[in-house]
Amino acid sequence: MNAAILSSPVVGAEAAPPDHLLAVEALTVSFDGFKAVNDVSFYVEPDEIRVIIGPNGAGKTTVLDLICGRTRASAGSIRYKGQELTKLSESAIVQAGVGRKFQTPSIYDDLTVFENLEISFPRGRSVFGALTFKRDAEVRDRIHAIAETIFLKDQLKERAEFLSHGQKQWLEIGMLLIQDPELLMLDEPVAGMSVGERIKTAELLNQIIKGRSVLVIEHDMKFVEDIAHRVTVLHQGKVLSEGSMERVKNDPKVIEVYLGH
Amino acid sequence: MTNPVQTLTKSVTVNDNPFMKPVEWLSLALLAGVILVVLPMLLDSFRLNLVGKYLTYAFVALGLVICWGYAGILSLGQGCFFGLGGYCMAMYLKLEASSVANTKIQSTPGIPDFMDWNQITAIPWFWQPFKSLPLTLILVVAVPVLFAMLISFAMFKRRVGGTYFAIITQAIAAILTILIVGQQGYTGGINGITDLRTLHGWDIRTDSAKTILYFVNGGLLIACILAAQYVKKSKLGRILVAMRDKEDRVRFSGYSVAGFKVFAFCFAAGLAAIGGAMFTLQVGFMSPSFVGIVPSIEMVIYAAVGGRLSLFGAVWGTLLVNWAKTSFSESFPDLWLFGLGALFIAVVLAFPNGLAGIWREQIEPRLTRRVKGLRAPPPAIVPPHGAPAE
């Protein structure tokens, strides 16, 4: 397929090579003149686990915000499977197959764990669809399977606000899983967790990343080393270095701004 | 982490999401019993008609439970939709009452009296559809819903919400009142549309007609409660709750938030319109005094007092506040508005979930304990929630 495309004369400089799942090119966003993300380009391949690291204020979360449509880009492009995301609404981006977990657990406190997962089930997303949505065996089975994966099968009937911090993080991961996104974006999935919860989360992540691309922001270097295929280092809104963890760790620029202190 | 409570919860194969819980069926039976059996037996036809009028406001309160309680969209302009529904019905009735035979003393016979007084000589185009009863019945709901759709679509697409939305709805209520009052020749002005007589030839002014309309109204109210219950119980209802607390997150679950807000607002508008039409039929006129800011805020108070999260609470709240209004304003006409304001403040400060909240938190647990105590030995002490680790 690659060869066919490469030999095709219509491919211009504009078209994204189809083998990138996500192609971020020359992405820039400026808030009142301050460029939080400045000319960032990177590519994520199918089944790749990419970790974005960088000091505070490097623009890591902003990059995820830009991809999922929460923040609008000032310039540049984000193509997901060849589709330009910068013009799509947040819900359309989710429906295209991009899932996002937020830094602080973002779940529906007033609903039960079951209902939280049910709302995330990718069916009946229109007004009419939601009115006529049936909680059938497929939905139940899937919710129970996901709940088992995220260690919450005994909490299904509990209101989400009564979960512990770690359980809330798992619930949000579960809400993403049930959407079954091809690109999963996780913003500091183990932040604020106890040691026990961290180990369980790493185990959980290793289990769910199979068969999809994952974009993770994380500070925990041990965790990064465990899961990352490639690492992108951001610094002051720009890409400072990119490559395997081994390469990035030995990059003098990275050592200077990030790892060295 | 293991919790003995979990072993007691029912297996997942039973229907854990019934349309209505037993206690809700009981509440419905109680409400239907009071409205359709007890009150008609106890009250004379004048008082029954008065209750019928109160119940037309309950339609608005029901809509507010969905729109305000569930979706978190506070509308201070429900009077618009109540009024539009009422006006649509009044226009039909007025045209029927303005037959050539009834209006032969006018300079232009066959048109409504207020048009004649304002030197209008032909029925304006927007009155034409109201010559037909089926079309009128459709327009009673369609006009307010389309109007609500227009407002809410414009607002919610631009992500205008919360207080701003409430203020805009209030401004629209004020504008609509001014428009109706100002266009006297087309709307009947400040007096409204009066002297309504027959509905498709059936005289609605007689006692028997009023009693029949009361029952139609009660039946429609029950039907609307069931419709609202359906919305509340559907996944859409849960999305509204989710949206109320974390609007952003709902977008990232793949939903277009604006569409759901528009639906909630239009649903409430549709219910208010049905109430307005029933008001016109039972009271025999419609005027701008039911459209403006004051009635709109009063309608919010009915829902707040009854409980903005409870469909039944909203109906009881409407009945109670209106009953209090009638009794109070008969004896102390000047004090009523202060009383109403004080009631609203008291409810918001002390009982944010209104009467229904008091019932659910204070009375129901005691009742269930009593009932369970009779049926089975008391259960072991159970923590309030599963097993919160923190």
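Helices are DSSP runs of H or I with at least four residues, numbered from the N terminus. By this numbering, Ala356(B) is found in helix 16 of chain B, which covers residues 354-375. The model is predicted.

Confidence was examined at the level of the model and of chain B. The model scores ipTM 0.85 and pTM 0.88. The average pLDDT of chain B is 89, and 92% of the residues score at least 70. Among the elements of chain B, the highest mean pLDDT, 97, belongs to helix 12 of chain B. The lowest, 43, belongs to helix 1 of chain B, residues 4-8. Residues 1-13 of chain B have a pLDDT below 50. Beyond near neighbours in sequence, this stretch has eleven contacts in the model. The pLDDT is also below 50 over residues 377-390 of chain B. That stretch has 18 contacts in the model beyond near neighbours in sequence.

Ala356(B) is buried, because 25 other C-beta atoms lie within 10 Å and the cut-off for burial is 20 or more. Beyond its neighbours within four places in sequence, Ala356(B) is in contact with Gly306(B), Gly307(B), Leu309(B), Ser310(B), Phe312(B) and Gly313(B). Arg308(B) lies 48 residues from Ala356(B) in sequence. The C-alpha atoms of Ala356(B) and Arg308(B) are 8.3 Å apart in space.

Helix 12 of chain B also takes part in a helix pair. The axes of helix 6 (residues 133-157) of chain B and helix 12 of chain B come within 8 Å. They cross at roughly 150°. Angles over 145 degrees count as roughly antiparallel, and the two helices are therefore roughly antiparallel to each other. Their crossing is right-handed. On the side of helix 6 of chain B, the residues that meet helix 12 of chain B include Val140(B), Val141(B), Pro144(B), Val145(B), Ala148(B) and Met149(B). Among their counterparts in helix 12 of chain B are Phe265(B), Cys266(B), Ala269(B), Gly270(B), Ala272(B) and Ala273(B).

Helix 9 of chain B spans residues 207-233 and has 27 residues. From first C-alpha to last, helix 9 of chain B reaches 39 Å, close to the 39 Å expected at 1.5 Å a residue. Its buried residues are Tyr214(B), Asn217(B), Gly218(B), Leu221(B), Cys224(B), Ile225(B), Ala228(B) and Lys232(B). An α-helix has 3.6 residues a turn, so residues three or four places apart point the same way. The buried residues of helix 9 of chain B pack against helix 2 (22-42), helix 3 (45-70), helix 10 (235-245), helix 12 (257-283) and helix 14 (311-331) of chain B.

Key
Residues numbered from 1 in each chain as written. Chains lettered and ligands numbered in written order. Predicted model: local features only at pLDDT ≥ 70, side-chain atom pairs only at ≥ 80, totals over all residues. Expected span 1.5 Å × (residues − 1). Buried ≥ 20, exposed ≤ 12 C-beta atoms within 10 Å, placed from the backbone. Contact = placed C-beta atoms within 7 Å. pLDDT = per-residue confidence, 0-100. Axes fitted to C-alpha atoms, helices over the stretch in contact; angles between N-to-C directions. Parallel < 35°, antiparallel > 145°, perpendicular 65-115°, else oblique. Left-handed = near helix turned anticlockwise from the far one by under 90°.
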